[in-house]
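Me: Take me through this structure, and for each label tell me which cut-off stands behind it.

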Amino acid sequence: MRQTEIKRLMETQLVEGVEVHRGSGNVFADLGLADAEKLKIETGLVIEIRKAIKVRNLTQQEAAKLMGITQPKVSDMMRGDFTNLSERKLMDCLTRLGCDIEIEDRPAKAEIGYLMLATA
């Protein structure tokens, strides 16, 4: 996404003397990062993985065994570094932790649709 498109998506207001920008709904796009939609989905998956690990009170070693990855990869993920895991692998990890993933498509309200991760 180009900077001009980002600026168009962001609404600027002055609140108590501070300039406030309304984001597009994707912080990665607002920052002008490549693969912004992919990053948004992967981040959402990692958040859900972290929640599942916490709810089940798993150690990183236990979580790694369940997810079929190494403990260092779990450690990286918990620190926010999931660049070594694909979107597909993150979905696999989440299902191995006992979560269902549903992918739904429907007609877009705009000319171009968007990706969204909905959680229960």
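Me: Why is Arg-79 called exposed?
Reply: Exposed means over 50% relative accessible area, buried under 20%, and partly exposed in between (1.4 Å probe, protein chains only). Arg-79 has a relative accessible area of 59%, so Arg-79 is exposed. The model is predicted: local features need pLDDT of at least 70, side-chain atom pairs count only at pLDDT 80 or more, and totals for chains, interfaces and linings use all residues. Residues are numbered from 1 along each chain as its sequence is written, and side-chain values use heavy atoms, with hydrogens and water left out.

Me: Why do Glu-42 and Lys-38 get separate labels for accessibility?
Reply: Glu-42 has 5% relative accessibility, so Glu-42 counts as buried. Lys-38 has 41%, so Lys-38 counts as partly exposed.

Me: Which residues are linked in a network of salt bridges?
Reply: Lys-89, Asp-92 and Arg-96 are linked in this way. In one of the pairs, the side chains of Asp-92 and Lys-89 meet at 3.3 Å, N to O. Both residues lie in helix 6, 3 residues apart, which is about one turn of the helix. Lys-89 has a relative accessible area of 23%, so Lys-89 is partly exposed. Asp-92, in contrast, is listed with Leu-90, Met-91, Cys-93 and Leu-94 as the buried residues of helix 6 (residues 87–96).

Me: What covers the buried residues of helix 6?
Reply: The cover includes helix 3 (36–55), helix 4 (60–67) and helix 5 (71–78). Contact here means heavy atoms within 4.5 Å. Leaving aside neighbours within four places in sequence, Leu-90 is in contact with Glu-42, Leu-45, Val-46, Ile-49, Met-77, Phe-82 and Leu-85.

Me: How do you know that the buried residues of helix 4 line one face?
Reply: The buried residues are Ala-63, Ala-64 and Met-67. Seen down the axis of helix 4, they fall within an arc of 100 degrees, so they line one face of the helix. The arc is that of the directions from the helix axis to the C-beta atoms. On the other side, Gln-61 and Lys-65 are exposed. The buried residues of helix 4 pack against helix 3, helix 5 and helix 6.

Me: What makes a set of residues a nonpolar core?
Reply: The members are buried Ala, Val, Leu, Ile, Met, Phe, Trp, Tyr and Cys residues joined through side-chain atoms within 4.5 Å. The largest such core has 20 residues, and Ile-49, Ile-53, Met-67, Ile-69, Met-77, Leu-90 and Leu-97 touch the most other members. Helix 3, helix 4, helix 5 and helix 6 each supply at least two residues of this core. Its largest share, 6 residues, comes from helix 3.

Me: How many disulfides does a search of the whole structure find?
Reply: The search finds 0. To be counted, a pair of cysteine sulfur atoms must lie within 2.5 Å. Cys-93 has 0% relative accessibility and therefore counts as buried, while Cys-99, at 26%, counts as partly exposed.

Me: Why is Gly-80 called partly exposed, and where does Gly-80 lie?
Reply: Its relative accessibility is 45%, so Gly-80 counts as partly exposed. Gly-80 lies in the loop between helix 5 and helix 6. Gly-80 and Thr-43 are 37 residues apart in sequence and 8.4 Å apart in space, C-alpha to C-alpha.

Terms used:
Helices (H or I, at least four residues) and strands (E, at least two) are DSSP runs, numbered from the N terminus. A salt bridge is a side-chain nitrogen of Lys or Arg within 4 Å of a carboxyl oxygen of Asp or Glu.
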